Amino acid sequence: MVIYMNYSNNPHAAYSGLISGQRNMFLSSSVAVVMIGFSGRFKSTAVRFTLKGLSCFIFLISIFIGYQAEQDFKFYLEK
């Protein structure tokens, strides 16, 4: 059983949601890039590896945020 959400027919809200999702994607990906660059300053290999792993995870989340925002907007345009 598939349940679809009812979206209002408000183009401004749909476009604002897309822009908000893109903004969140760009901000989180820039944080991930800064964390990768900052991880080189630690002497401990374990800390460096952990910080790079965490930043890669944040980068993957930012890709998912951008993809989800694009899919939601595409869903609005098709309906």
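## Phe 59

Phe 59 lies in helix α2; helices (H or I, at least four residues) and strands (E, at least two) are DSSP runs, numbered from the N terminus. The model is predicted: local features need pLDDT of at least 70, side-chain atom pairs count only at pLDDT 80 or more, and totals for chains, interfaces and linings use all residues. Residues are numbered from 1 along each chain as its sequence is written, and side-chain values use heavy atoms, with hydrogens and water left out.

Phe 59 counts as partly exposed, because its relative accessibility is 37%. Buried means under 20% relative accessible area, exposed over 50%, and partly exposed in between (1.4 Å probe, protein chains only).

## Nonpolar patch

Val 33, Phe 59, Leu 60 and Ile 63 make a nonpolar surface patch of about 380 Å². With three residues, α2 gives the most to this patch.

## Ser 55

Helix α2, residues 45–78, also holds Ser 55. Ser 55 has a relative accessible area of 0% and is therefore buried. Leaving out residues up to four places away in sequence, Ser 55 touches Ala 32, Met 35 and Ile 36 (contact means heavy atoms within 4.5 Å).

## Whole protein

The protein has two helices and zero strands. Of its 79 residues, 18% are buried. Among contacts with a separation of 6 or more, 65% are between residues 24 or more positions apart.

Accessible areas come from the Shrake-Rupley method with a 1.4 Å probe; for residues, only the protein chains shown count as cover.

Methods:
Patches are made of residues with over 30% relative accessible area and no salt bridge: like charges are joined within 9 Å, nonpolar side chains (Val, Leu, Ile, Met, Phe, Trp, Tyr) within 5 Å. A salt bridge is a side-chain nitrogen of Lys or Arg within 4 Å of a carboxyl oxygen of Asp or Glu.
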